[in-house]
Amino acid sequence: MNALALYGRYVATSLRAQAQYPTATLMLTAGHCAATAIEILCVFALFHRFGSVGGWTFGEAAVFYALVNIMFSLADMLSRGFEVFGTDFVRTGAFDRVLLRPRAAALQLAGYEVRLSRLGRLLQAAVVLVFATSLVPIAWDASTIAIAVWAVAGGVALFMGILVLQATLAFWTVDSLEIMNVLTYGGVQAAQYPLNIYAAWFRQVLTFGLPLACVAYYPVLAILKRPDPLGAPDWLLPLAPIAGFAFLALSFVAWRAGMARYTSTGS
Amino acid sequence: MAAARPYLAAFRARCQLMLQYRAAALAGFATQLWWGAIRILVFAAFYGVNAAAAPISLADAVTYVWLGQALLALQPWIADPEIGLAVRTGGVGYDRLRPLDAYGYWYARSVGWMLARALPRAVLMVLAAGIVLPLVGLGDWAWRPPSGVTAALLFVPAFALMTMLGAAVLMLANIIVAASLNERGVNAVLTPLVIVFSGSLLPLDFYPDALRPFLHVQPLAGLVDIPFRIYFADLKGAAALQGLALQAGWTVVLIGLGRLAMERMMRRLEMQGG
């Protein structure tokens, strides 16, 4: 069985398991939807009170919000194995069993669990996106849709990269650290507003350190057909999401280094 | 005093247990620090264009954010996980056998649970946002001391009442968990309600003006919005006293409701586990 077919098998098993408890899955999804949707209230209230900021209206800001949340929800849904890697695999010694199997550890972790409840965030973000489209004129033609899909793919890669890094850290710290939430949830929080409203140092962190701007801010500018108020050239905007894939690749380099120094905690 | 002893013991035991997890507290603290920083960056951006539209000054908004981050664990976001566990495993049977007022016992434990999680983080937050930030020259972004002696004195009862009100809300959630055996459902409703209506997400005055009459009198305002505004003297004089009265009133009402609900629940409670 090749890697892709095996991954498909993992996903199917995970989905079947959740389908055994349809009510619980639906309730968890609804709960996740409500808990994450309140952030748009905050965005709305701020724009309602202060008017436009950095040249953006609420409708345009909502496009940033929607795309970032869509990216994160997909990555969050697909990377559960990496998220709980420290607690459930390293600390318990269960990772030894993973290593014994003649398959890449990363593949097994990626297929560990596909959590449907995380689609709750996707759901609310999709509603916001539809709503935003009615507020601002977005021409959803083939090229904008392509940019949006490409940006989401880059964003999913970026957030997965963060979760892989979080897992990698567990090779040293043994447990999963809540501190990485700073990058995941904190990243979503920061990137759901347009980048140019922030102070310069923070913009640089979000572009060159953790390239959230490359998967959210720049491609959304291209979707809204707006030039970058900060002066990035137009041709760069749709190319930027590639940074997400680069980040994921670097994360896997770190992951390999971590794997090489892994010593079991099991007895 | 002797009558209060078992409740104090329950409170102290829970505090000591919670204080064992220092690494978790530190990691949580770093997360909150970053979280607060992002909120402040967003506020700064909006204040930068149109500060006149804001109901409070930027310095007060910054203080509001740090206070909120420091006292995050006082918010009744999730039902006490031990209560759900006790009901599922049948451990609640022991609670029924104690010669104590069941509501008072759970209430004291809940207060202990909340304060033990909140206070260490609050101390660290004072150090980081109140002392270190001004020392490194970021005084504009620091957590400021209360605006004057009166505000500080008024914040003492406001803080006590926000804790008591929080525990009263938490107790209602605990009772629903015990009756329905379903923690996740209760938390899924409770968390967003508390975050929005307490003023954790945004100070309540930032929401559209038309909503103010409602937002200012609903019970959850006493959890964050009222005590924090007393802290930086946005509510002063009669308005501050009115705020305290609202907190106290809702605390009494919710404790009364909780007692009624607990009595009904306990009568119909079926023991789980073996």
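Reply: In this predicted model, 30 residues of chain A are in contact with 26 residues of chain B. On the chain A side, helix 2 (22-50) and helix 10 (181-191) each supply at least two of the touching residues. Helix 2 of chain A gives the largest share, 14 residues. Sorted by class, the chain A side has 21 nonpolar, seven polar and two charged residues.

Which helix of chain B runs alongside helix 2 of chain A? Take helix 8 of chain B, residues 183-197. The two axes come within 9 Å and cross at roughly 5°. Angles under 35 degrees count as roughly parallel, so helix 2 of chain A and helix 8 of chain B are roughly parallel to each other. From helix 2, the contact uses Met27(A), Leu28(A), Ala30(A), Gly31(A), Ala34(A), Ala35(A), Ile38(A) and Leu41(A). Helix 8 answers with Arg184(B), Gly185(B), Ala188(B), Thr191(B), Pro192(B), Ile195(B) and Val196(B). This helix pair counts eleven nonpolar, three polar and one charged residues.

Chain B has eleven helices and zero strands. Its pattern along the sequence is α-α-α-α-α-α-α-α-α-α-α. The C-alpha atoms fill a box of roughly 60 × 40 × 40 Å along the principal axes. For 274 residues, a compact globule would have a radius of gyration near 19 Å; chain B has 20 Å, so the two agree. Of those 274 residues, 44% count as buried. Take the contacts in chain B between residues at least 6 apart in sequence: 80% of them join residues at least 24 apart.

One helix pair within chain B shows such packing in detail. Helix 4 (residues 81-89) and helix 7 (residues 148-180) of chain B have axes that come within 9 Å and cross at roughly 20°. That angle is under the 35 degree limit, so helix 4 and helix 7 of chain B are also roughly parallel to each other. Their crossing is right-handed. Ile83(B), Gly84(B) and Val87(B) of helix 4 meet Asn174(B), Val177(B) and Ala178(B) of helix 7. The residues of this contact divide into four nonpolar, two polar and no charged.

Back in chain A, look at Tyr65(A). Tyr65(A) lies in helix 3 of chain A, residues 58-78. Is Tyr65(A) buried or exposed? Tyr65(A) counts as buried because 28 C-beta neighbours lie inside 10 Å. Leaving out residues up to four places away in sequence, Tyr65(A) touches Ile40(A), Val43(A), Val128(A) and Gln192(A). Leu15(A) is 50 residues from Tyr65(A) in sequence and 28 Å away in space, C-alpha to C-alpha.

Finally, two loop residues with positive phi. Lys225(A) has phi near 55°, a positive value in a residue other than glycine. Lys225(A) sits in the loop between helix 13 (217-224) and helix 14 (242-260) of chain A. Lys225(A) is exposed, because 12 other C-beta atoms lie within 10 Å. In chain B, Ala233(B) is not a glycine, yet has a positive phi of about 55°. Ala233(B) sits in the loop between helix 10 (225-231) and helix 11 (238-268) of chain B. With 19 other C-beta atoms within 10 Å, Ala233(B) is partly exposed.

Note on methods
Residues numbered from 1 in each chain as written. Chains lettered and ligands numbered in written order. Predicted model: local features only at pLDDT ≥ 70, side-chain atom pairs only at ≥ 80, totals over all residues. Helix = DSSP H or I, 4+ residues; strand = E, 2+ residues; numbered from the N terminus. Rg over C-alpha atoms; globule rule 2.2 N^0.38 Å. Buried ≥ 20, exposed ≤ 12 C-beta atoms within 10 Å, placed from the backbone. Contact = placed C-beta atoms within 7 Å. Axes fitted to C-alpha atoms, helices over the stretch in contact; angles between N-to-C directions. Parallel < 35°, antiparallel > 145°, perpendicular 65-115°, else oblique. Left-handed = near helix turned anticlockwise from the far one by under 90°. Nonpolar A, V, L, I, M, F, W, Y, C, P; charged D, E, K, R; others polar.
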